[in-house]
Amino acid sequence: CHARDRLDARHHSAPLGSDVSLNYVQYGPAVDIDPGCLGSFYLLQIPLRGGADVRCGGREVRADSGHASLPSPTEPLRMRWAADSPHLIVRFSQAALLAQLEQLAQAPVQGPPIFDPGVPLGLAQVAPAIAFVHYRCVALDADAAFSGSPLARQAERYLISTLLMQLPHSHQRLLDASAQRHRKAWRSRGVGQRAEARKTAIGDPQQVRLIDRLGDDQEQRCQ
């Protein structure tokens, strides 16, 4: 920020539950931000206008109207926000994200995940979560009781799951392996259920064909 530029810093924050908070941040003029490693939290940074150049670890991305940034807490972070670039920022507890990752993977995890720092906002898999974040920011004053409620806790889990399941990160293979195990388990269960159902339908060819068709549909969903 140059001396001739007037800093107009604003930071409004509201908790969603205990592990996620919604934040509005702006600085006014262009600024360089060098926090280093964030340490204990992730930041999903969504420019509302303007943009920012974000360097996290060895990766550099441009955040703008079509792209958010997602720096990971163990990676050194440096940013340059353009002038007049307010951001909507979702802060995620690293501990909560790691706990949910282990629950999804059904296995212990060595270290927190490192995400790809660029997030396309038009990505179909994340668009509903981004829309929910915008809605909650608008609805904060009208629905203050939502914060800290059981529904807010579910919303936190939904947002964290979206990051873990829909965005590339360093532990993606662990989640893929867990999903494959689940698919195999469901497929094995479906084969057994089909065999039992066919036993009860002996003598009724039409019922047998229906059971086989339903079984085929289930197998395709598990692939």
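User: What does Arg136 touch, leaving out residues up to four places away in sequence?
Analyst: Arg136 touches Leu16, Leu22, Asp143 and Phe146. Keep in mind that this is a predicted model.

User: Where is Arg136 found?
Analyst: In helix H2, which covers residues 127–139.

User: Is Arg136 buried or exposed, and why?
Analyst: Buried. Arg136 has 3% relative accessibility, and buried means under 20%.

User: Stay with H2. At what angle do H2 and H3 pack?
Analyst: The angle is about 140°, and the axes lie 10 Å apart.

User: Why are H2 and H3 called oblique?
Analyst: Roughly antiparallel needs an angle over 145 degrees, and roughly perpendicular runs from 65 to 115. The angle here is about 140°, so H2 and H3 are oblique to each other.

User: Which hand does the crossing have?
Analyst: H2 passes H3 in a left-handed crossing.

User: Which residues meet there?
Analyst: H2 brings Pro128, Ala129, Phe132 and Val133. H3 brings Ala155, Tyr158, Leu159 and Thr162.

User: How many of those are nonpolar, polar or charged?
Analyst: Seven are nonpolar and one is polar. None is charged.

User: New topic. Where does His171 sit?
Analyst: In the loop between helix H3 (150–166) and helix H4 (172–200).

User: Buried or exposed there, and why?
Analyst: His171 is buried, because its relative accessible area is 15% and the cut-off for buried is under 20%.

User: What does His171 touch, not counting residues up to four places away in sequence?
Analyst: His171 touches Leu101, Val109, Gln110, Gly111, Pro112 and Pro113.

Conventions:
Residues numbered from 1 in each chain as written. Predicted model: local features only at pLDDT ≥ 70, side-chain atom pairs only at ≥ 80, totals over all residues. Heavy atoms only, no water. Helix = DSSP H or I, 4+ residues; strand = E, 2+ residues; numbered from the N terminus. Buried < 20%, exposed > 50% of the residue type's maximum accessible area, 1.4 Å probe, protein only. Contact = heavy atoms within 4.5 Å. Axes fitted to C-alpha atoms, helices over the stretch in contact; angles between N-to-C directions. Parallel < 35°, antiparallel > 145°, perpendicular 65-115°, else oblique. Left-handed = near helix turned anticlockwise from the far one by under 90°. Nonpolar A, V, L, I, M, F, W, Y, C, P; charged D, E, K, R; others polar.
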